Amino acid sequence: MSASNAPTVRSGASLVLAVLAAGQFLMTLDSSVMNVSMATVASDLGTTISGIQTAITLYTLVMATLMITGGKLGTILGRKRAFGIGLVIYAAGSGLTAVAPNLGVLLLGWSVLEGVGASLIMPAIVALVAANFAPAQRSGAYGLVAAAGAMAVAAGPLIGGTVTTFASWRYVFAGEVVIVAVILVFLKRIADVPATPGKLDLVGSLLSIAGLGSIVFGVLRSSEWGWVESKPGAPSWFGVSPTIWLIVGGLVIVYFFLSWERSRERRGAAALLRTELLSNRQLAGGLSMFFSQYLVQAGVFFAVPLFLSVVLQLNALQTGLRIFPLSVALLLAAGGIPKIAPRANPRRVVRLGLFSLLAGILVLVAGMDPGANAAVVAIPMLLIGAGLGALSSQLGNVTVSAVPDSESAEVGGLQNTATNLGASLGTALIGSVLLASLSTAVTSEIQSNPSIPSSVKTQASTELVSGVPFISDTQLRSALEKANVPPASIDTIVSINADARLGALQNAFGVTALLAAGALLLTGRIPRRQPGTEEDEETPEPATTS
């Protein structure tokens, strides 16, 4: 993009940034709030925990599958218009969720309407940052917007726990309607990029939805069904778990989707995704790092709350307070790095962020012992937050600066697809490692312990065939007492479970650390020069290749 076409920083830049960051915060808040409020929501709606988990799965599924289509609609309609339409749909979903009398209405309001709204909003946010900030200021702007999303994940348990404990979870969704109304009031202050009229590639859209939906759904159900071998009681397709069929089938459909898009490009027809974008080295590097960041981030946010709420038996409010330092460090790093070092080497900043993330996870693993208390997470939360903030400060600008601003909405769709896939896979993978480690350790220890009667061992092998649940000592003791297990055996089993639980968490964090270390291998495509500065000698690669 030439300097003459580059946007300048608007006089109301702070307000614009606040509006876009608020939109990003809203898109991420729901799931983290719902995760800590599942039991209460299920009770209020007369459904089960499984029903609420279905709603969470469907919300993630709708968002992930529609991101590419939402990005393209942003190009056709105009980014600001897509942002506004998405907000209206999202607010309608939030309002419906706030008054939902049953699970069906919750599914329609939250999972479907909010998911559709988010698929229009999130790609538009990426494009609107590019439209409202000059290249030299985009790094900081993208960093703060990304930090708002990550902070929502960290603050969700605190917000959800507080509101659910002292009022009702419904107020969270009602509050979202109010926030959307405020954002819409200030929407006119946001600059837009002219729309590019065209037709939506409906076949490509259906193929992308089917392919991505199959992959994400398979990943999300892996903890219940198993990855390859079906778990006891789970469905089986041709002798193996449906998970592997869904993932492989989804990848095949994505292959046909890309082939279809190339075919349309060769014919000169409008394509949902210009496949040449995927051959852009800088863009591919940014997308792979976004995927890796959210893969690791999801693993951390899955395991840390379990350690605090189940092992240490803290309530939702106490858990949120212990995670809060991560939000502070993340915000300071995401906003501070671009201000202190606006011309910093993006590749170096990303690598330092991954090292900080890795260090925080390893310190956490080392601090997990039977005598650990909540203070053990303080330093790791700061290190992990600083690492995520460093990544957030660079990656948004890296991806968008790789292409002309006219293609920023499409890049937004790809970026949010990568983050949703990473988050889904991170949660599923770390959850699988955690539960598999726990089940293996508890079952083997019970069977090999001579002090536990044979009758109890037989009962345990029968009841734990589908896996050992990750529950607190208090919950386990109560369940064993109801099962009429002898008191001496109860004490032994609770002790075995406590040790296995810590070991399982260490294994889960160990895998998360490996993922963070592996991400370092993908940083070679991140540019060394800061995009948008005078020293940027690595110009964006063209979308087309020779």
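This report walks through salt bridges, surface patches and selected residues of a predicted model.

## Ground rules

Local features here need pLDDT of at least 70 and side-chain atom pairs count only at pLDDT 80 or more, while totals for chains, interfaces and linings use all residues. Residues are numbered from 1 along each chain as its sequence is written, and side-chain values use heavy atoms, with hydrogens and water left out.

Helices are DSSP runs (H or I, at least four residues), and strands are runs of E with at least two, numbered from the N terminus. For burial, the labels are buried (under 20% relative accessible area), exposed (over 50%) and partly exposed in between, with a 1.4 Å probe and protein chains only. The areas come from the Shrake-Rupley method with a 1.4 Å probe, and for residues only the protein chains shown count as cover.

## Salt bridges

Let's start with the charged pairs. A salt bridge is counted when a side-chain nitrogen of Lys or Arg lies within 4 Å of a carboxyl oxygen of Asp or Glu. The count comes to five salt bridges. One of them joins the side chains of arginine 221 and glutamate 224, at 2.8 Å from N to O; glutamate 224 is partly exposed at 47% relative accessibility.

Aspartate 473 pairs with arginine 501, their closest N and O atoms being 3.1 Å apart. Aspartate 473 sits in helix α16 (residues 473-482) and arginine 501 in helix α17 (residues 487-519), so this bridge ties together parts that are 28 residues apart in sequence. Aspartate 473 is partly exposed at 24%, whereas arginine 501 is buried at 2%. Another bridge links aspartate 491 and arginine 477, with 2.9 Å between the closest N and O atoms. Here aspartate 491 belongs to helix α17 and arginine 477 to helix α16, so the pair connects parts 14 residues apart in sequence. Aspartate 491 has a relative accessibility of 45% and arginine 477 one of 31%.

## Surface patches

Patches are built from residues with over 30% relative accessible area and no salt bridge; like charges are joined within 9 Å, and nonpolar side chains (Val, Leu, Ile, Met, Phe, Trp, Tyr) within 5 Å. Lys and Arg count as positive and Asp and Glu as negative, with His and the chain ends not counted. Each charge is placed at NZ of Lys, CZ of Arg, CG of Asp or CD of Glu. A positive patch gathers Arg281, Arg351, Arg525 and Arg528 on the surface. Arginine 281 is in helix α10 (residues 281-311) and is partly exposed at 43%.

A nonpolar patch of about 960 Å² includes Val228, Trp237, Phe238 and Trp245. Tryptophan 245 is in helix α9, with 40% relative accessibility. Phenylalanine 238 lies in the loop between α8 and α9 (242-267) and is exposed at 80%.

## Backbone and contacts

Phenylalanine 238 also has a phi near 55 degrees, a positive value in a residue other than glycine. Glutamine 313, in the loop between α10 and α11 (316-340), likewise has a positive phi near 55 degrees.

Contacts are heavy atoms within 4.5 Å. Serine 222, in helix α8 (residues 222-225), is buried at 1%; leaving aside neighbours within four places in sequence, serine 222 is in contact with Trp227, Thr243, Ala428 and Ser432. Alanine 423 is in helix α14 (residues 408-448) and is partly exposed at 25%. Not counting residues up to four places away, alanine 423 touches Tyr294, Leu295 and Ala298.
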